[in-house]
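Dear colleague,

I am passing on the structure below, and would be grateful if you read it alongside the notes that follow.

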Amino acid sequence: MLKNAYRFFKAYSNLPLEERKNPIMVIDDDPISWNLAYEEINNETKNGEEILKNLIDLEIV
Amino acid sequence: MTQEEMVRKIILERLKAMAPNVKIALGSKGEFLDRDALMKEVQNSTQVGKKIVEIQMRYLRALKEGIV
Amino acid sequence: MKTLFVRPSHDDVVSYLYFYSKELVEESRKRNFETLNKEKKDATQKIISDIILKNEPAFIMFNGHGSPNIICGHNDGFIIIKGNNHGLLKNKIVYSLSCSSAAGIGKAVADKNTAFIGYTDEFALGMDVDCQASIHRDKRARLFLEPSNLLVKSLLKGNSAVEAVEKAKRMMKENISRLRTEHSDDAKDYLPFLFNNYLILEVLGEKNARLQA
């Protein structure tokens, strides 16, 4: 698991179901929803690393 | 990209995803603002725009605490 | 015991407050308060100041725009200005449904004989554009304004200022919970703004102040 990914999963599990479809990050001008972020972080992709780092820096997770 | 610019981009994307029937009145403007008007306020960094960003970020940060 | 309701109606936003506060005027009368209702063009500084000085209402509700140091009335004319006439609000329970007035005016008037209930930042109001022509059918606006009405009804019933605020906040939390679990396209969009209102509602001064008819 990516380092500190647990912070994302914990926040994600508390989200209203409709909120999970909402954008939560922008990478290279592309919006990333909570659901997409979950996949990227869960699959430990490079994007996932960047998304997680940004979410932590912004104190969203 | 600065953190401030990233936050603004995120909030703009969230506003873009708002349902078309939603309008919000905020502050002393006597009118309800639809999705496009809210986005314009954020894009132009007006007082209302900054407040929208603040409200959205406070909400997002509260989500992780389970407060909301 | 007298109550005073200040109810401008000059723009789209205050029209919603005007509509919702009608119920509160009726409730006040039903509970045998001598109820003073100054609405539309009567919601001016001169008229309101005179009414307060002459009648000394125990409870005043302001509906309208505002800022930390100003409460507005008809056509956004200034009614209460901090440092000018905020003393008019002393020795009363005041509820100001206007942006940010708790942060300035509220702090200035609050003391052991005065309760000021209001918002410390911008109050947000959501609405459903599909109901624009009929406020009473707007279920989204109701989520924002019903807690405010409950607050006033609680005061009129004899609950203390802090109890009334707690009831309003409890209803806001219930509305937030309802929106969280609703599977409609728009529910999630109102949440940040309703949460904002929940956070910024405060009671200052004599928190145990209450009305008796």
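**Chain B between its partners**

Val22(B) stands opposite Asp128(C), which lies in β9(C). The pairing to which these strands belong joins β1 of chain B (residues 22–26) to β9(C) through 5 bridges, and the two run antiparallel; strands are taken as paired if DSSP finds at least two bridges between them, and the elements themselves are DSSP runs numbered from the N terminus, helices being H or I of at least four residues and strands E of at least two.

Please keep in mind that this is a predicted model, in which local features need pLDDT of at least 70 and side-chain atom pairs count only at pLDDT 80 or more, whereas totals for chains, interfaces and linings use all residues. Residues are numbered from 1 along each chain as its sequence is written, while chains are lettered from A and ligands numbered from 1 in the order in which they are written.

The contact between chains C and B takes 25 residues from chain C and 20 residues from chain B, two residues being in contact if their C-beta atoms, placed from the backbone, lie within 7 Å. On the chain C side, α1 (12–30), β9 (124–128) and α6 (187–200) each supply at least two residues, and the largest share, 7 residues, comes from α6(C). That side divides into 13 nonpolar, 4 polar and 8 charged residues, where Ala, Val, Leu, Ile, Met, Phe, Trp, Tyr, Cys and Pro count as nonpolar, Asp, Glu, Lys and Arg as charged, and the others, Gly among them, as polar.

How do α3(B) and α6(C) cross, and within what distance do their axes come? The axes come within 9 Å and cross at roughly 90° (axes are lines fitted to C-alpha atoms, for helices over the stretch in contact, and angles run from 0 to 180 degrees between N-to-C directions), and the two helices are therefore roughly perpendicular, a word used for 65 to 115 degrees. Here Ile55(B), Gln56(B), Tyr59(B) and Ala62(B) meet Leu191(C), Pro192(C), Phe193(C), Phe195(C) and Asn196(C), a contact with 7 nonpolar, 2 polar and no charged residues.

Turning to chain A, 13 residues of chain B are in contact with 15 residues of chain A; α1 (3–16) and α3 (47–65) of chain B each supply at least two residues of the chain B side, with the largest share, 7 residues, coming from α1(B).

Within chain B, α1(B) packs with α2(B) (residues 35–43) at an angle of about 170°, their axes 9 Å apart, and the pair is therefore roughly antiparallel, that is, over 145 degrees.

With best wishes

How values were computed:
Parallel < 35°, antiparallel > 145°, perpendicular 65-115°, else oblique.
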